[in-house]
Amino acid sequence: MGMLITAVSSEVDRHTPGFPQSVESLQLPAILPVNLSDVEKAILELSKQGVLSEEDAAKLKGFSNLSLQDAVTRIGNTELRNSLLNLSNKGVLSPDDVEAFLNYLSSLKTSGALNPVDELLALRALELLAKANQSPYTSRILLTMLSVLKDLETQKSGNLTTFFKGSLQSPAEKVFQSFPTLPLPLLQLPTAPQLRLSLPKIPYSVLIIAGICCFSTIALLFGKRLAAHFSKKLNIRSIERMQTLKVGDRFLEAYWLSVHIVSTISSVKKVDSETHREYLARVCQRLGPGVADLFRDITTAYEEYRYGFRAEAGQRILNGFRKLMEHARAST
Amino acid sequence: MVILFVFLDNLFSLDYSIIIVWCFFAMAIFDVVKKELIDREVLIEKENELKLVTSALLSRGHVLMEGVPGVAKTYTSKALAKLLGLSFKRVQMTPDLLPSDIIGYYVYDQRSGGFVLRKGPIFTNILLVDEINRASPRTQSALLEAMQERQVTIEGELYKLEEPFMVIATQNPVEMEGVFPLPEAQLDRFLIKVVTGYTSTKGLVKIMKNADEIEEAIESLKPVIAHDEVLEEIRKVRYVRIDESLYSYIASIVEETRRHAAVRLGASPRAAIALVKMAKAWAYTSSRDYVIPDDVKAVAQPVLMHRIIVKPELELQGVTPDKVVEDVLSRIPVPKP
């Protein structure tokens, strides 16, 4: 045990490659797919509620069917429009380009130079470009659109609609609450809240020692009983396989095998200096009444056969042994 | 009889031995004694002592009873003698008792003008010698010689003692003043030593309640077995079977008493013979015609206890002969298979 602990404690931390070592570093990679039609439905909902002005609603009309050209044309911010044109002229979009553009949008928004409608149109244009380049950012762009709409609604009404409440909740909250009333899919935002729980780093040596302690405790509590049970089974099986006890007399063999069986069942071993009756008296206290009577008959027959020279008692030993064997098989 | 056996065998497919065993135990002596004395509560809590004394009688041996006064030593002997239709006499040993007071002597008869033999109390079947250790060594020797030889010589004439002849000698283990302890060689003449103890509280209450009835019951006991039948029983015990392996077992026990670290003097060959005899008688009184290891163990203490001398230094530490025997029995394996 000491050697094992020393060996374990000397080792550096190991972990399965690719498996996160802490909860903190664990990112939620999966983002549920969002359709463009969902965004359009949200726009329509906001228009109905009066969150969007008529002008804005007109700009966003047919949002899902807008072409790149239309989207760019409808954007009021010239700088943004030029940036998008430059991006479209670039041809192939890399993930870094998309990321950079999104950051650019974010900076414009922060500086207050970007209204939500322009942002939505810009995102629509970016989404079209990303789709043309088969970029994996499409979903993220769509979710950003929804986020923009949510901000818009918050600014105008101060309250979240049922739709946004449902879609913008954390995954944990979603599990326990009802689904949104709007016919929208279950959404999960990319900025899903991360678990900030930081588990202390436990050395493997401590874990192994704790494991050994737990195992030892369980073994102490249940091991003996289980081991005794299996040992009984094995012993009974070994008797079945045993052809002869090398006594030279099948009746005497039957008696000694019976002793073996009852000692296995009761866990009371016969002591060499103990007479057959003394053993009988001792073992009967641990046997059931049926087996005890059976073994009593066998012992009496053995005495008659062995010391009383009664040949007919031999058959009684044999019969008793067979019954005892059947009982042992049935009980284990 | 043989024809009857063959007939029964053909008729019921019976084994001869079953019939023989039935005949053998038809008159089991101890069953009768037990029924009359133990079951009827004439002797309370004395079954083991009674069985040992009966076994000793069937083995033609003598008994040394050790116990404090008032534990029914005399009652046991008297009741047994009465039940078995045997003559019973009692001698109270004193330091001035002479050998002739026990074995007898010649006296001059004025009418016949010659000497006539006045037989001593030894001419009986069961002789109770009370406090044997109070008699002088000379008297003890004369008695013990008669016990061994089963005959006495008076004035040069040899007299055979009546069969069965058994001496039940008692000695008080407490009193040491004015006593002549029996020498080891003479102790060896006793087949067994029975230690009689006190009864339990429950038994004592019964004795107190029925003291008068018990006394009357003993006085009014009638023989249930004839004298000749007792002799026949003694003869039968000789034919109790004992397996070869049990002889080895007995020999191992006896030898182990000599090798034991706490023993100064172990059991003699006479002890081994006594063990065989008593085991046979014990088996017989247990309604068996064969000896089992349990019989040997049951009689080992009474047979060996008084034949073993423990080293004095260990005796002071509380090691007693019965503990030695117990230790020996726990070490010797019983015959296998």
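**Helix packing and a chain interface in a predicted model**

Good morning. I begin inside chain B, where B:Glu233, B:Lys236 and B:Val237 of helix 11 meet B:Lys280, B:Ala281 and B:Tyr284 of helix 13. By class, this contact has three nonpolar residues, three charged residues and no polar ones. Please keep in mind throughout that the model is predicted.

In chain B, helix 11 covers residues 227–237 and helix 13 covers residues 269–285. Their axes come within 9 Å and cross at roughly 120°. The crossing of helix 11 and helix 13 of chain B is right-handed.

I turn now to the interface between the two chains. How many residues of chain B are in contact with chain A? There are 25 of them, and they touch 20 residues of chain A. The size of an interface is often given as the accessible area lost when the parts come together. For chain B and chain A, the buried area is about 1900 Å², and carbon and sulfur atoms give 54% of that. Which residues of chain B lose the most area to chain A? They are B:Tyr290, B:Asp294 and B:Pro337, which together account for 32% of what the chain B side buries.

Next, the polar side of this interface. Nine residue pairs are in polar contact across the interface of chain B and chain A. Helix 2 (16–24), helix 12 (244–259), helix 14 (293–304) and helix 16 (321–331) of chain B each supply at least two residues to the side that touches chain A. That side of chain B divides into 13 nonpolar, three polar and nine charged residues.

Side chains of opposite charge can pair when their charged atoms come close. Three salt bridges are found across the interface of chain B and chain A. In one salt bridge, the side chains of B:Asp289 and A:Arg310 meet at 2.6 Å, N to O. Over all chains, the count of salt bridges comes to 30. The pair of B:Asp289 and A:Arg310 crosses between chains, from the loop between helix 13 and helix 14 of chain B to the loop between helix 14 (289–306) and helix 15 (312–331) of chain A.

I close with two points about the backbone. A cis peptide bond joins B:Glu163 and B:Pro164, with omega about -10°. B:Pro164 lies in the loop between strand 7 (157–160) and strand 8 (166–171) of chain B. In chain A, the residue A:Ser267 is not a glycine, and its phi has a positive value, near 60°. A:Ser267 sits in the loop between helix 12 (250–266) and helix 13 (276–284) of chain A. Thank you.

Terms used:
Residues are numbered from 1 along each chain as its sequence is written. Chains are lettered from A and ligands numbered from 1 in the order in which they are written. This is a predicted model: local features need pLDDT of at least 70, side-chain atom pairs count only at pLDDT 80 or more; totals for chains, interfaces and linings use all residues. Side-chain values use heavy atoms; hydrogens and water are left out. Contact means heavy atoms within 4.5 Å. Buried area is the accessible area (1.4 Å probe) that two parts lose on being put together, summed over both. A salt bridge is a side-chain nitrogen of Lys or Arg within 4 Å of a carboxyl oxygen of Asp or Glu. A polar contact is a pair of N or O atoms within 3.5 Å; within protein, one must be able to donate a hydrogen and the other to accept it, and residues adjacent in sequence count only if both atoms are side-chain atoms. Helices (H or I, at least four residues) and strands (E, at least two) are DSSP runs, numbered from the N terminus. Ala, Val, Leu, Ile, Met, Phe, Trp, Tyr, Cys and Pro count as nonpolar, Asp, Glu, Lys and Arg as charged, and the others, Gly among them, as polar. Axes are lines fitted to C-alpha atoms, for helices over the stretch in contact, and angles run from 0 to 180 degrees between N-to-C directions. A crossing is left-handed if the near helix is turned anticlockwise from the far one by less than a right angle, and right-handed if clockwise.
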